[in-house]
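Hi,

Here's the structure I promised to pass on.

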Amino acid sequence: MILIINPSKRRARELAELLRIMGYLAYPILPGELGSEYSPAYRAAVIFADSGLYDIEEFVERIRSYSRALPLFMIGDGAEGKGLFMRRFPSDVSPAVLIKGMRSELEGRSLPDIGAYRGAGFFASVDSPTVSFLGRSIKFTHTETMILRYLISSYPTPKSAKDILIHAFRLSRLPEPTSVRTQISCMNKKIRESEGRPLIEFVADSGYRLSAPSDKPFSYLSKSCSG
């Protein structure tokens, strides 16, 4: 996942929305929200440094108090933060150029790819035309694929419907939390048709998580599925 940090929540949301459309899990936050949102599931952070509203060096130190190894990228035209970022991009960088540059930099340093989503037998990387489980393709919609990518990134920690909603769905089209249940029911139906059992389980009082194959099936709800 990619953390997008900007003192302007609108600008952070705009970039996160475009990256989600491209298939990347990206979440926008204000600098003050770092403590409540950071998790090891994030593989990179993009920091807007052209606002002048916060001290970049001081903020990078805050990030480093959570992770010394999280790759940091900067968007901005100023000279702030020299030497603190893996790569700097101009303020007018396009999402496509940003992603290409980030992935190239990470690959060159043998660091985890922000476009790779693999876990619990599932393969749902951005560069792959289909989602697969143990090598067998499953036809998921874009929304279903994004949910799967979030569950892969969070595995094995269960995630609530609210967490899935705000991290995997289009930010400009957030439905009611009940639609998460419907989407996962549809995903489990497709998985069951392919594998003979559903592989997304609900953990009481915790949320949804991917389940490794086992001999014991669990129940799921079947509802009307749509893209």
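How many aromatic pairs does the count come to? The count comes to 4 aromatic pairs. Keep in mind that this is a predicted model, so everything below is computed from predicted coordinates.

Phe-73 and Phe-89 form a tilted aromatic pair, with 6.4 Å from centre to centre and 40° between the planes. The pair links distant parts of the chain: Phe-73 sits in strand β4 and Phe-89 in strand β5, 16 residues apart. Phe-73 has 0% relative accessibility, so it counts as buried. Phe-89 comes out at 4%, so it counts as buried too.

Now zoom out to the sheet around them. It's an open sheet of 5 strands in the order β2-β1-β3-β4-β5, with parallel pairing. At the edges you'll find β2 (26-29) and β5 (87-89), each of which pairs on one side only. Ignoring direction, neighbouring strands here are turned by 20° against each other on average.

Two packed helices are described by the angle between their axes and the distance between the axes. Helix α1 (residues 9-21) and helix α4 (residues 95-108) pack at an angle of about 75°, with their axes 10 Å apart. That makes α1 roughly perpendicular to α4. Which residues meet there? Leu-15, Leu-18 and Leu-19 come from α1, and they meet Pro-95, Leu-98 and Ile-99 from α4. By class, this contact has 6 nonpolar residues, no polar ones and no charged ones.

For another example, go to α5 and α7. Their axes are 10 Å apart and the packing angle is about 90°, so these helices are roughly perpendicular to each other. On the α5 side are Thr-143, Glu-144, Ile-147 and Leu-148, which meet Gln-183, Ile-184, Cys-186, Met-187 and Lys-190 in α7. The class count for this contact is 5 nonpolar, 2 polar and 2 charged residues.

Helix α6 (residues 161-168) is worth a look too. Its buried residues are Ile-164, Leu-165, His-167 and Ala-168. What covers them includes α1, β2, α2 (34-37), α5 (142-154), α7 (178-195) and β11.

That brings us to β11 itself. Strand β10 (residues 200-203) and strand β11 (residues 207-210) run antiparallel and are joined by 4 bridges. Val-203 has Gly-207 in β11 as its bridge partner. The two strands form a hairpin with 3 residues between them, and Asp-205 in the turn has a positive phi of about 65°.

Cheers

Key. Residues numbered from 1 in each chain as written. Predicted model: local features only at pLDDT ≥ 70, side-chain atom pairs only at ≥ 80, totals over all residues. Heavy atoms only, no water. Axes fitted to C-alpha atoms, helices over the stretch in contact; angles between N-to-C directions. Parallel < 35°, antiparallel > 145°, perpendicular 65-115°, else oblique. Contact = heavy atoms within 4.5 Å. Nonpolar A, V, L, I, M, F, W, Y, C, P; charged D, E, K, R; others polar. Pairing = 2+ DSSP bridges. Phe/Tyr/Trp six-rings, centres within 6.5 Å; stacked < 30°, edge-to-face > 60°. Buried < 20%, exposed > 50% of the residue type's maximum accessible area, 1.4 Å probe, protein only.
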